[in-house]
Amino acid sequence: MNFGLSDEQRELVSKVREFGERTFTQDRVAQWCRDGGLPDAVVREFAELYFSIEGPVESEHFTNSIMTQALVLEELSRCAGATLPFQNELFNLQIMGGFAERETFLRILGEYRATGRLMFSMAVSEPHAGSDTMSMKTNTRMVDGKILLNGQKTYVNNGEFAPNTLVAAIDLDAEQDKYPPLTFWLVPSNLPGISKVPIDKMGQKMLPFASMSFEDVELKPEYRLTGNDGGFRQLFHLLEFGRVFTCASSLGMAQAAMEDAVEFARTRKAFGTPIVEFQQIGQLITDMEVSLTNMRTMLYRAVWAIETEQEDKRLAVGMCKRYIPQAATKVASDAMQIMGGSGYTESCRVSRIWEDCRGNQIAEGTDQIMVYILAPLIMEKYA
């Protein structure tokens with residue numbers, strides 16, 4: 001089984017690399033992390049680049065294959081050495097395309113293509129549920145002829161600023177089967193009863209997150225997405241895309257950390273000798289390269305499993321998410337060790353890479369929840 005890139009994919013990566021290296025210089029990335037986001041000109045250029053890429057159509061709703069999206073995210077994360085908003089935006093579009101009726105989705109997609117700005121944030125995770133999405137408490141209920149939304153959401157990317165919020169909620173008026181009756185609502189963010197508080201994270205500074213509260217927010221029936229009634233089953237399927245995108249970003253950042261560490265080891269001297277000639281440094285670099293090779297193979301294999309509808313795709317994606325962010329954090333940590341004191345400074349991007357990769361061990365399902373998902377799948381495989 002060959003997961004090497006085709007000529008077309010190498011050309012795609014080259015085109016993305018030209019944009020990434022020209023745009024995401026270290027000074028700019030540091031400034032945009034302080035600013036909490038990217039300038040309008042950058043996101044517009046990304047949208048133009050992304051939609052100019054000719055790739056296999058993944059669905060009637062959304063352009064470009066999952067592999068194309070993963071390659072784009074991997075390469076841009078390598079160029080920037082930071083978590084970029086694009087991975088969340090592409091994932092949010094997958095969720096919107098999976099639940100919205102076609103007319104609504106095409107309107108949202110058209111706005112994104114034109115501006116590079118996603119006109120909605122996505123609110124799924126909750127303070128007391130986290131990776132256990134079926135424990136969410138946010139709900140809708142009909143009261144005196146009005147649909148009222150109540151609950152709390154956390155880690156809502158761009159929740160303070162987006163004009164709309166895609167809210168996942170349990171419909172208390174619907175019958176429950178094996179899963180609670182999950183619904184999605186595209187809610188204007190300025191409705192009475194909605195409050196937002198920013199979250200001051202330690203990393204991933206270009207992604208502003210907020211906690212949101214909904215207290216008797218009156219909804220119109222047309223806010224509800226009605227393109228798919230799959231509920232949690234559909235959500236679990238779409239979460240696989242988010243996990244792949246998170247892994248692609250982690251891999252790209254780990255590659256950037258490796259490149260910085262190798263360059264430092266090649267030029268830094270101690271006791272009159274380039275430190276790369278020290279056996280301990282050579283061992284670190286060797287183990288980092290082994291990890292990068294394993295990460296890339298696992299990522300591309302998981303994407304292949306999704307795109308070809310392999311029976312073990314859930315297992316492949318779960319293992320990918322279990323291994324890659326954790327391995328990427330270790331690569332970044334080893335890069336910091338090689339760079340010594342200079343690696344442990346705010347001005348060194350390797351320290352930022354470590355923070356961002358560490359956050360990806362929590363995002364889209366923690367390392368531990370992946371074990372909870374994977375163990376039954378592994379037991380079934382060996383039954």
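**Cys79 and helix α4**

I looked up Cys79 and placed it in helix α4; helices here are DSSP runs of H or I with at least four residues, strands are runs of E with at least two, and both are numbered from the N terminus. The model is a predicted one, in which local features need pLDDT of at least 70, side-chain atom pairs count only at pLDDT 80 or more, and totals for chains, interfaces and linings use all residues. Residues are numbered from 1 along each chain as its sequence is written, and side-chain values use heavy atoms, with hydrogens and water left out.

I noted that Cys79 counts as buried, at 9% relative accessibility. The classes are buried under 20% relative accessible area, exposed over 50% and partly exposed in between, with a 1.4 Å probe and protein chains only. I then listed the contacts of Cys79, a contact being heavy atoms within 4.5 Å. Leaving aside residues up to four places away in sequence, Cys79 touches Arg17, Gly20, Glu21, Phe24 and Arg349. I also checked Thr25, which is 54 residues from Cys79 along the chain; their C-alpha atoms are separated by 7.9 Å.

The 15 residues of α4 reach 21 Å from first C-alpha to last, close to the 21 Å expected. I found 15 of the 15 residues of α4 buried, so this helix is largely enclosed by the rest of the structure. Gly81 follows α4 and has a positive phi, near 60°.

I next examined the nonpolar cores, each a set of buried Ala, Val, Leu, Ile, Met, Phe, Trp, Tyr and Cys residues joined through side-chain atoms within 4.5 Å. The largest has 102 residues, and Phe24, Phe184 and Leu299 have the most contacts inside it. Helix α7 (residues 231-267) gives the most to this core, with 18 residues. Apart from this core lies another of 15 residues, including Ala123, Phe214, Val217 and Tyr223.

I listed the neighbours of Phe184, not counting residues up to four places away in sequence: Ile95, Phe99, Val124, Leu166, Val167, Ala168, Tyr223, Arg224, Leu225 and Leu235.

For α7 itself, I recorded that its 37 residues should span 54 Å and that its end C-alpha atoms are 55 Å apart, which agrees. Of the 37 residues of α7, 29 are buried, so the helix is largely enclosed by the rest of the structure.

**Helix α6 and its contact with α3**

I turned to α6 (residues 102-115), which packs with α3 (residues 40-52) at an angle of about 115°, their axes 6 Å apart. The axes are lines fitted to C-alpha atoms, for helices over the stretch in contact, and the angles run from 0 to 180 degrees between N-to-C directions. On the α3 side I listed Val43, Arg44, Phe46, Ala47 and Phe51; they meet Leu109, Tyr112, Arg113, Ala114 and Thr115 in α6. These residues divide into seven nonpolar, one polar and two charged.

The 14 residues of α6 should span 20 Å, and its end C-alpha atoms are 20 Å apart, which agrees. I found Thr104, Phe105, Ile108, Leu109 and Tyr112 of α6 buried. They cover an arc of only 125° around the axis, which puts them on the same side of α6; the arc is that of the directions from the helix axis to the C-beta atoms. On the other side of α6, I noted Glu103 and Ala114 as exposed. The buried residues of α6 pack against α3, α5 (86-99) and β5 (182-188). Gly116 follows α6, with a positive phi near 80°.

Most residues other than glycine have a negative phi.

**Ser351**

Lastly, I located Ser351 in helix α10 (residues 349-360) and found it buried, with a relative accessible area of 14%. Not counting residues up to four places away in sequence, Ser351 touches Met336, Gly343, Thr345 and Glu346. The C-alpha atoms of Ser351 and Glu103 are separated by 44 Å, the two residues being 248 residues apart along the chain.

Notes:
Ala, Val, Leu, Ile, Met, Phe, Trp, Tyr, Cys and Pro count as nonpolar, Asp, Glu, Lys and Arg as charged, and the others, Gly among them, as polar. The expected span of a helix is 1.5 Å times one less than its number of residues.
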